[in-house]
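Here is a quick tour of a few side chains and how they meet. Have the structure open as you read.

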Amino acid sequence: MPHRTQLYEKIPSTCWPIVYSSDYNITFMGLEKLHPFDSGKWGKVINFLKEESLIEDDTIVGAHEASDEDLLVAHTRQYLDKLKAGKLAMERGWAINVGGGFHHCSGDKGGGFCAYADITLTIKFLFERVEGVSKATIIDLDAHQGNGHERDFLEDNRVYIMDVYNRYIYPGDGFAKRAIKRKIELDWGTEDEEYLHKVKTQMEGALNEMKPDIIVYNAGTDILEGDPLGGLSISPQGIIKRDEIVFETAKRHKIPILMVTSGGYQKRTARIIADSILHLHSMGLIDKDCATHEAQNPKLEQMIARL
């Protein structure tokens with residue numbers, strides 16, 4: 001029996017399926033400026049989208065904080081006793097959570113800047129609450145291995161994981177790798193041509209191997225050339241093309257997709273994320289009205305969670 005929650009509610013059709021809260025941005029007396037992670041990048045992405053007149057304050061889906069009962073869907077009580085806040089976004093059809101993608105966190109352990117297992121929580125909420133959603137595919141294109149969700153779904157055949165990452169960097173979790181159905185390990189300095197070819201062919205293969213009811217796309221920008229932690233050499237144009245490939249493939253296969261932005265440790269990543277979203281819109285791959293097309297896929301009406 002599903003637990004009681006306030007996270008599922010009707011979203012007005014006037015809203016874009018873009019989820020954001022100003023609470024995503026972290027400040028601590030200026031000390032955040034000393035860390036390689038741009039803790040304010042999510043607000044910058046939103047501001048860039050506003051400047052381009054794609055969204056306004058009243059057309060964004062505001063994020064809600066999850067209760068302990070909500071978080072227990074993915075986490076153990078012992079772990080929740082240590083941490084008391086978290087965010088997760090999920091919408092219907094396509095959705096973008098500007099602040100999600102904590103793929104190093106599993107149900108009982110955090111890691112790598114990741115405090116809550118939002119990818120695991122998204123999928124478990126769907127399985128619990130949305131009739132007809134019984135299979136999910138995670139397309140993890142952050143530069144790092146997504147060992148958190150991999151550990152959570154190690155023995156769960158309902159979840160297909162494709163992970164493309166730099167083989168030489170954190171976390172190097174051999175145990176978690178057993179959960180990856182389609183593993184693409186990259187070398188230092190991998191560039192656009194090789195990378196985009198692998199993403200396109202391997203995603204197509206993944207969806208042909210198992211057609212899911214939902215795709216969770218972890219769209220890390222730490223693959224960008226010059227990233228101090230990613231070790232790859234993908235251009236800004238390569239990142240924008242990557243996102244286009246993922247959304248186009250999902251659309252062609254008629255599979256709903258949820259994108260989370262995950263890692264990215266340079267100041268320019270916010271602009272690239274915003275440019276990618278604008279490009280997806282210009283290509284007709286995302287549109288505000290897509291979320292109201294329930295007649296084409298009735299079960300999407302129920303995919304209305306916000307954290």
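Trp188 is exposed, because its relative accessibility is 53% (exposed means over 50% relative accessible area, buried under 20%, partly exposed in between, with a 1.4 Å probe and protein chains only). Tyr168 comes out as partly exposed, at 48%.

By the ring rule, the six-membered ring is used for Trp, and rings of Phe, Tyr and Trp pair if their centres lie within 6.5 Å; planes under 30 degrees apart are stacked, over 60 edge-to-face, the rest tilted. The count by this rule is three aromatic pairs.

One of them joins Trp16 and Trp94, edge-to-face, with 6.1 Å between centres and 65° between planes. Both of these residues, Trp16 and Trp94, are buried. Tyr168 and Trp188 make a stacked pair, since their planes sit at 5° and their centres are 5.9 Å apart.

## About the model

This is a predicted model, where local features need pLDDT of at least 70 and side-chain atom pairs 80 or more, while totals for chains, interfaces and linings use all residues. Residues are numbered from 1 along each chain as its sequence is written, and side-chain values use heavy atoms, leaving out hydrogens and water.
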